[in-house]
Amino acid sequence: MFIAYFTEQPDASFPQEIGDELGYTALLLPNKYFNAEAVSELYQLRLREYQRAEEVGFDGIMLNEHHNAPFCLQSKCNIFAAVLAAATDHVRIELLGNPLPISDNPVRLAEEIGMLDLISKGRIISGFVRGGGTEQISTNANPAYNRERFVESHDLIVKTWTEPGPWRWEGNHFQLRVVNPWVQPLQKPHPRIWMPGVASKETVIFAAEHRYPFVALSTTFETTKKIWALYDQTARAVGYEPGPETKGYELRVHVQDTEEKAIAAAQHYMWMQGEFTGVTHPVWHNPSGYGSPTWRRQFVEMANGRRQNVANVGKDVTIQDLMSAGNVIVGTPDQVIEGLKRVLDELRPGILNIWCNDGRVSHETGMRCIELMGQEVLPAIRQYADELGLNSPFDIDAPVSLATTPQAELQPVGA
Amino acid sequence: MHLAYFTEQPMSAYPEEEGRKAGHTALMFSNRFYDRDAASQLYQDRITEYKLVEEVGFDGIMLNEHHNAPFCMQSKCNIFASILAAITERVKIVLLGNPLPLTENPVRLAEELAMIDLVSQGRLVSGFVRGGGTEQLAIGVNPAYNRERFEEAHDLIIKTWTEPGPWRWEGTHYQNRVVNPWALPLQRPHPRVWIPGIASRETVVWAARHRYPYVCLNTSVEDTLRVWKLYAQIAEEVGFQPGPEHRGYLLRVHCADTEEKALANARQFTWMQGEFTGLAHPVWSAPAGYNPAKQRQVLVEIAHGRRVARRDVGFEQQIENLRIIAGTPDRVVEQLRVIMEATRPGIFMIWGNDGFVTHEDSMRCIELLGREVLPAVREIAAELDLKDPFEVGAPVSEAAAQQQPSALRA
Amino acid sequence: MAVTEALPEAPEQFVEVVGEKIHWLQSGSGDSLIVLHHEIGNPGWLPFYEQLAQRFTVTVPDFPGWGQSERPLWMRSVRDLAVELNLLFDQAGVEETVLVGLGFGGWVAAEMATMNQSRCKRLVLVGATGVQPPEGEILDQFLYAHMDYVKMGFHDNDNFRRVYGEEPATEQLMDWDVHREMTARIAWKPYLFSQTLPYLLPGLTTPTLIVWGADDRIVPRSCGERYRDALPNSRLEVIEGAGHFVEMEKPDELSRLVLDFAGA
């Protein structure tokens, strides 16, 4: 079992009433409300928390990336990955991930990640994402080619990492006549690639076809099981038997010494969902051409106010409602262990990303949560995972991709 | 005086005979000869050295960026700048700099630099460069629009840092309909911008027009003085009196316990100049459109072997004319005084180690520079009144100067 | 897509060019007049077309990727689109025509005319995009819901309701989304204008009528002024009480202008 620590790195230092007034807190929330002094201090606190997470025994630190968005201070995950490469010693740096379509030069991205892997002595897990719809607008990347760019960028990066240069790439979206960077990742054949996602069918299939672990982000048990079924079917069709090492799950877990304290801190998980609409303003979130055409009807209905935005649970939903679904776990160490065991029973992941702190949770509270995780929760969960045979890709040294799986081992079934 | 430490971060761990066989060690020199394990270790050594640099009293650490080039392990200076933000506490992180034309999205660069400034608690100096000609080919960027892209990217980044969003940019090379990043630098109005160069007239003029310090990279004393003259002429047009705070100078300096050792290690500064031609393969370093039209004749002649490119003279002569300074601390101080008196910079970049100089010798060099050379240099600087932009509180730019009350203007 | 007001029907036809199926509506008699639609697509046989059809044979093609025309997966620029339409009318044997471009279709028309002046006898640009506005910006539809954006193209919301109804069906919203996607595919950046077209316009001597809605909130009138200044044989007319979608708000006024200009 691989267990990583995660936080969105929220910035709650802007005047909240502005968000209420505007009805959104992303993309167009004027950045005159950006408080540089407060953010600089937040970065220092996050760094201390990450160092503590390493000390108490997490296997990894997960980072993500968002633009024009106070809910996540990672405007470029590679920058903070470099900070972690320097400030930590052995914990893996799990990027979930670099949004490929918003980069206009995948070779430069390959160089950056190569440097990170070398400096961190091989600790990079290089996840790739499409970027949210809103990200396409904030970086002015054409949403209509989002998936094409994702796939081509991925192919170019992996080739850059594995095929000695110089060679030439004349692609549909990217053209480089000399690919020969004088930087290569330390890990061979290349750093592990994990694919996070919510439920986009195309992404699940892409991950399974490449034998990349799929990390389901806070999806319900029911949805997650559907994702696993699709993944497994695809995996078998290309010829390998997918185990827990191909399944990742990210969920919100907050632990404190008492249940009251835990619930009080966990209220902040609602910060993004209840308090503001910004993270999922439906028009910005689904620019035309970004989503699968099969969802067009739902998209236009949401965008034009004819259907409730599924991503926004709204102010009427409470943390208790979320807890009752089982994929938000809050309480004392014992309660959290019990909840997590249920997650392991239900979903059998080999990779667990624990999203501990959000909103305005204080540094002290955040640190206490991390410590209790390390001291009490992680050992119990690791033991239980062992009992269930939930191995991570590292535990069983799984191939990093289908391309690097020996041909003889592949036995396609039901293709 | 601002004293910064610099090394190209050379990646010497490749089979030299392959470089000789290829006749070049840049751009097309196959990365199959790249040694990942050695590279990882070299980065660890650099980290240890940079920590010592801060400890012994340097004011800054300078980084640069090159692609497809064993002579420099900085494929992206912002990545290593983030490393420095995490491992140092006090030194300025001086990027000389981000090659602007290589980016397709200057707003993302502005975000990255803002994050570095925030994480380092305001220690960023954000230099900008055009990127060498070879860099354009390594990155697949059109050299014919290099200067246009440089200027437009610069304008867009400064506006992103200083003008509250959301607003729209419909430029010639860049279009962003929503500029409103939730990452802005800690320093106001924005981090200092220093412009390094090797005396390209257009760049000197551009820097002076913006009131940005110009950092001469390893130029001769004569060339350096010519740059200052041009800079002063433009400054006068703009309406400010340039001082040492507008002048930076980068020089190769190696210090060791004995004269012999210092000279032996300093010889490594010619590693790039002697062993391989890659740094300046004439066709790759001057792609059509990259340079001003008036240089076209000279460049095509060089590209076709009809003219010999002006190259650095031999090691002994470089030692002789103080292009390279090497020796024991006393001797180094003595020679630096000559340079400082002649060029009067307020910003001094000391390029300490290159080529195959060992980690141990690099550490010793840094130690000697910090403990013995820097205090003496600071005294000389005080004597010569060589102040840096921080000491005199110079406006970060002409635009910023215009916005300050006239009493604050230099 | 059906419009709410009762409209005359126009015969439709599918033709093939560069291996792609193109859909067009055609009615009327007389000389050829081609109308090029907005980036939101053509809502049907509009009264404006019918009025022109009294004097001309009016053809309104769905652009490749719009309406019932097949999506060209390869297409990357508006100039590509203009070349394909020129090939289409070469194939159809249209030797002379009046080109009427509405909004985004105005850009397409201007591109087509610069490539083939001998076919384009008269050019009409209505609220045309295609040049960067010297003042103001072309409204970025990607920040607005589909319906809100279309409403912003009308001076009077009653006119929106007259054409599209109080609550357009979800199918209409989906059509707008498909058209918006196609707009992204070929005109995302720079958004709805060309950086090079202005340098070609001075070579276009075709008599040109430029028309702008007085209350166009989508394309600044400065674009019209820029066209007028660049085109040697042009004039600019402004229609009061109209937004961007002049042909839907003020069909009588617009058709009168066009017929006076081109129908003599």
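The side chains of R306(A) and E167(C) meet in a salt bridge, with N and O 2.9 Å apart. The term salt bridge is used here for a side-chain nitrogen of Lys or Arg within 4 Å of a carboxyl oxygen of Asp or Glu. This is a predicted model, so local features need pLDDT of at least 70 and side-chain atom pairs count only at pLDDT 80 or more, while totals for chains, interfaces and linings use all residues. Residues are numbered from 1 along each chain as its sequence is written, chains are lettered from A and ligands numbered from 1 in the order in which they are written, and side-chain values use heavy atoms, with hydrogens and water left out.

Staying with chains C and A, the count between them is five salt bridges. In terms of contact (heavy atoms within 4.5 Å), 24 residues of chain C touch 25 residues of chain A. Together the two chains bury about 2200 Å², with 51% of that on carbon and sulfur atoms. Buried area here is the accessible area, taken with a 1.4 Å probe, that two parts lose on being put together, summed over both. On the chain C side, R76(C), L143(C) and W188(C) supply 29% of the area that chain C buries against chain A, more than any other three residues.

Next comes the pairing of chain B with chain A. Here the contact takes in 64 residues from chain B and 65 residues from chain A, and about 5900 Å² is buried between them, 59% of it on carbon and sulfur atoms. R36(B), R108(B) and W182(B) account for 17% of the area that chain B buries against chain A, more than any other three residues. The rule finds five salt bridges across this interface. E65(B) forms a salt bridge with R108(A), and the closest N and O atoms are 2.7 Å apart.

Helices also pack across this pair of chains. Helices (H or I, at least four residues) and strands (E, at least two) are DSSP runs, numbered from the N terminus. Axes are lines fitted to C-alpha atoms, for helices over the stretch in contact, and angles run from 0 to 180 degrees between N-to-C directions. Helix α4 of chain A (residues 106-119) packs on helix α3 of chain B (residues 77-87) at about 35°, with the axes 9 Å apart. In this contact, E112(A), M115(A), L116(A) and I119(A) of α4(A) meet I79(B), F80(B) and I83(B) of α3(B). By class, that contact has six nonpolar residues, no polar ones and one charged. Ala, Val, Leu, Ile, Met, Phe, Trp, Tyr, Cys and Pro count as nonpolar, Asp, Glu, Lys and Arg as charged, and the others, Gly among them, as polar.

Within chain A, helix α2 (residues 36-56) and helix α3 (residues 77-87) pack at about 50°, with their axes 11 Å apart. That angle makes α2(A) oblique to α3(A). On one side of the contact are Y43(A), L47(A), Y50(A) and Q51(A) from α2(A), and they meet F80(A), V83(A), L84(A) and A87(A) from α3(A).

Most residues other than glycine have a negative phi, and most peptide bonds are trans. In chain A, a cis peptide bond joins G165(A) and P166(A), with omega about -5°, and P166(A) sits in the loop between α6 (146-162) and β5 (167-170). In chain B, G165(B) and P166(B) are likewise joined by a cis peptide bond, with omega about -5°.

Definitions and conventions
Parallel < 35°, antiparallel > 145°, perpendicular 65-115°, else oblique.
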